[in-house]
Amino acid sequence: MLNYSLFDTDLGRCGLVWGEHGIVGFQLPEGSDDRTIGRLRQCFPEAVESALDPAVRPVADRVASLLAGTTDDLTDVDLDLTGLPDFDRRVYAVTRAIAPGHTLTYGEVAAAIGSPGAAQAVGQALGRNPIPVLVPCHRVLAADGAVGGFSAAGGTVTKRALLAAEHTPGFGEPTLF
């Protein structure tokens, strides 16, 4: 059985989906609770709305703190990636190891999983990522340092906001220097 709940963050109300083996989904805000729930239920139609489980509440609190600018890599949070393709799980493992405030390119992730030249496939895997922020696909950039794509609501604007919240160089408030 899967459960979901919305919770407040500086970016808006996000959603977590969890089961007995860990977090299976995360939804960034879609502009309204109805749209956020709708998108979440597209990916997890069997999920039932629930209060945040005591085991999951700390995850929501930590995500909210991260989106407010606190550094937390969230790598100790149990994720359930059962049923996902092996290639995607390997991409997510490398992506999950990128510390807040740091980035890799799609090509660097491809090389790290032993598939140099598979940058486009890495981008596709990240576009399917069911657990953004906890699998921080926003920390993966194009080879030239450009933001690249982002499938969440707001697209690259949201990706930039996530990078800025993590104090990633080049994505925060402009300075005089």
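This is a predicted model: local features need pLDDT of at least 70, side-chain atom pairs count only at pLDDT 80 or more; totals for chains, interfaces and linings use all residues.

Confidence next. The average pLDDT of the chain is 90, and 96% of the residues score at least 70. By element, helix α3, residues 86-96, has the highest mean, 97. Helix α6, residues 155-165, has the lowest, 83.

Now helix α1, residues 33-43. Which residues of α1 are buried? They are Thr36, Ile37 and Leu40. Viewed down the α1 axis, these buried residues fall within an arc of 95°, so they line one face of the helix. A reminder on spacing: an α-helix has 3.6 residues a turn, so residues three or four places apart point the same way. On the other side of α1, the exposed residues are Asp34, Arg35 and Gln42. What do the buried residues of α1 pack against? Three strands: β1 (3-9), β2 (12-19) and β3 (22-27).

On to the cores. The largest nonpolar core has 38 residues. Leu16, Ile23, Phe26, Val63 and Leu134 touch the most other members. Two or more residues each come from β2, β3, α2 (57-67), α3, α4 (106-112) and α5 (119-127). Helix α2 gives the largest share, 5 residues.

Take Val63. Leave aside its neighbours within four places in sequence, and Val63 contacts Phe7, Phe26, Leu74, Val133 and Leu134.

There is also a second, separate core of 9 residues. Its members include Leu6, Val24, Ile37 and Ala47. Ile37 is back again: it is one of the buried residues of α1.

Technical notes. Residues are numbered from 1 along each chain as its sequence is written. Side-chain values use heavy atoms; hydrogens and water are left out. Buried means under 20% relative accessible area, exposed over 50%, partly exposed in between (1.4 Å probe, protein chains only). Helices (H or I, at least four residues) and strands (E, at least two) are DSSP runs, numbered from the N terminus. The arc is that of the directions from the helix axis to the C-beta atoms. Contact means heavy atoms within 4.5 Å. pLDDT is the predictor's confidence in each residue, from 0 to 100. A nonpolar core is a set of buried Ala, Val, Leu, Ile, Met, Phe, Trp, Tyr and Cys residues joined through side-chain atoms within 4.5 Å.
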